[in-house]
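Please open the model in your viewer and keep the selection panel at hand.

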Amino acid sequence: MRPFGYLVPPDPAAAIAAVTGRPGAAFLAGGTNLVDLMKLGVASPDLLVDVTGLLPGRIEPAPSGGLRIGAGVRNSDLAADPRVRAGYPVLAQAVLAGASGQLRNMATVGGNLLQRPRCPYFQDVTKPCNKRDPGSGCPARVGDHRNLAILGGSAHCVATHPSDMAVALAALDAVVHIEGPGGPRTLPLGGLYRLPGGRPDRETTLERGDLITAVDLPAPGFAARSAYRKVRDRASYAFAVASVAAALDVSGGVVRDARLALGAVAPVPWRARAAERVLAGRPATAEWFGRAADAELAAAAPLRDNAFKLTLVRNVVVRMLSELAGSEPAGAAQ
Amino acid sequence: MMASVTTADHTSSELTLRVNGTAHRLRLDHRTTLLDALREHLGLTGTKKGCDHGQCGACTVLLGGRAGGRRVNSCLLLAVMAQDTEIITIEGLASPDGELHPLQAAFVEHDALQCGYCTPGQICSAAAMLGEAAAGWPSAASASLSPQAGPVTLDAAEIRERMSGNLCRCGAYVNILAAIRDVLQEAP
């Protein structure tokens, strides 16, 4: 590991200035991903600016009527919060589905949003990777890609975003608060992430020195009828093979509103807007839930070993929406 | 108490780690993890290095004291980040008079190990896990996340889920589960 300086600034402005003024500097929060990447040689900052004591660490009522989650809130505190559990079960479930008890105690909300992909080639500095070393190539397309993207990838990168929490936040239309060298601003969660295209090294729209300070949840409403389902290779403590965050508002057997986001299938937390459009105003039946999934997956471009995710995602979407609608799917999907 | 960190150009810092009730003054390269500080600089080798990547839990220690401390992977925590808290390792879990922590005694009683390498991490993790459940924290195995669901009942599925951050390559899980359940039943 490269030697590095360590700085605990007095306030966020000083932290932002320290990172803005030094190309090799990085913010440090929980460290669960960054310290690991430094051990692997994937990240090699020459200065860590520790913001754990500076970021808001509380969950408070937001002006929108929802909740404002400080970026320094630990994942375990987020999942245990009674307001989150009651009003946004999809979020509590997503956080609890991720990592382990130890890691959730360390990991912060801001850091969770900015964690890096776990693509085996990205994490192995002896292999080419367009994300880590632009222009070096992507062995994943012909190599080990069973758990990589089927949506939103490019010829240059098919890594998936690893967060569970961010998938729930995508479905909830969360808003990200950022402070940076240009002052404060907000972004919808979807606006935080970039698809890889020809520049897989650029994963977010953040600029050097931008610091996520909080995430706002909208007023609780039909998010109370929401859920997160994660499919993985072992029962616990594994990254998703596919995951679905869903919220559903049904009245008289008809879908009034649906929010759907997919995880572990795309380079970003994937808001399934094509599926949502199909569902609006349609009967809340397994048939229509399946049509909605098909509409979303029509754009999929699976590789040799991950086409199974198409069936998997469709089945999970149908089952989850059916459960949220209060009815078992007719001809239950497996 | 916060980092006596000088300037951004230094690659080491003078710092104090409070471990099992004793303060230690050290100068450490910033690259030093809490795990390596404990093992290589303080001689506290009870905390184990397994994967060194936060995937196995062998390095689990408690931050914030014996009661109510939070379990963390000490391999992913830089020592400079652990300055403002009380660190408890397996060496500090027993009573000062040497009486074993109930979990330690239960692991012996139930033969909850084979090679023993993961055991300190398992026990530290379980100690904090029992506190989390007592505080009402839900898990992915909880039937309901509703805050009205009432106290957490730690059945086998709950314990397995909550302990999934600790791997045992010998596969002693059956007896680890029995040891933890034993402590639960003895709790007041």
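**The two domains of chain A**

In this predicted model, begin by colouring chain A in two parts: domain 1 (1–54) and domain 2 (55–250 + 263–269). The C-alpha centres of these two domains of chain A lie 20 Å apart.

Next, select the boundary between them, where 18 residues of domain 1 of chain A are in contact with 21 residues of domain 2 of chain A. On the domain 1 side, the elements giving two or more residues are α1 (12–20) and α2 of chain A. Of these, α1(A) gives the most, with five residues. By class, this side of domain 1 of chain A has 11 nonpolar, seven polar and no charged residues.

**From chain A to chain B**

Now display both chains; 35 residues of chain A are in contact with 39 residues of chain B. On chain A, select the elements that each give two or more residues to this side, among them β1 (5–7), α2 (34–40), β3 (47–50) and α6 (101–106). The largest share, five residues, comes from α6(A). The residues on this side of chain A divide into 20 nonpolar, 11 polar and four charged.

**A helix pair in chain B**

Finally, select α2 (residues 102–109) and α5 (residues 173–186) of chain B, which pack at an angle of about 130° with their axes 8 Å apart. The two helices, α2(B) and α5(B), are therefore oblique to each other, and α2(B) passes α5(B) in a right-handed crossing. Show side chains for the contact: α2(B) contributes Pro102(B), Leu103(B), Ala106(B), Phe107(B) and Glu109(B), while α5(B) contributes Ala179(B), Asp182(B), Val183(B) and Glu186(B). By class, this contact has six nonpolar, no polar and three charged residues.

Methods. Residues are numbered from 1 along each chain as its sequence is written. Chains are lettered from A and ligands numbered from 1 in the order in which they are written. This is a predicted model: local features need pLDDT of at least 70, side-chain atom pairs count only at pLDDT 80 or more; totals for chains, interfaces and linings use all residues. Two residues are in contact if their C-beta atoms, placed from the backbone, lie within 7 Å. Helices (H or I, at least four residues) and strands (E, at least two) are DSSP runs, numbered from the N terminus. Ala, Val, Leu, Ile, Met, Phe, Trp, Tyr, Cys and Pro count as nonpolar, Asp, Glu, Lys and Arg as charged, and the others, Gly among them, as polar. Axes are lines fitted to C-alpha atoms, for helices over the stretch in contact, and angles run from 0 to 180 degrees between N-to-C directions. Angles under 35 degrees count as roughly parallel, over 145 as roughly antiparallel, 65 to 115 as roughly perpendicular and the rest as oblique. A crossing is left-handed if the near helix is turned anticlockwise from the far one by less than a right angle, and right-handed if clockwise. Domain bounds come from an automatic or database domain assignment.
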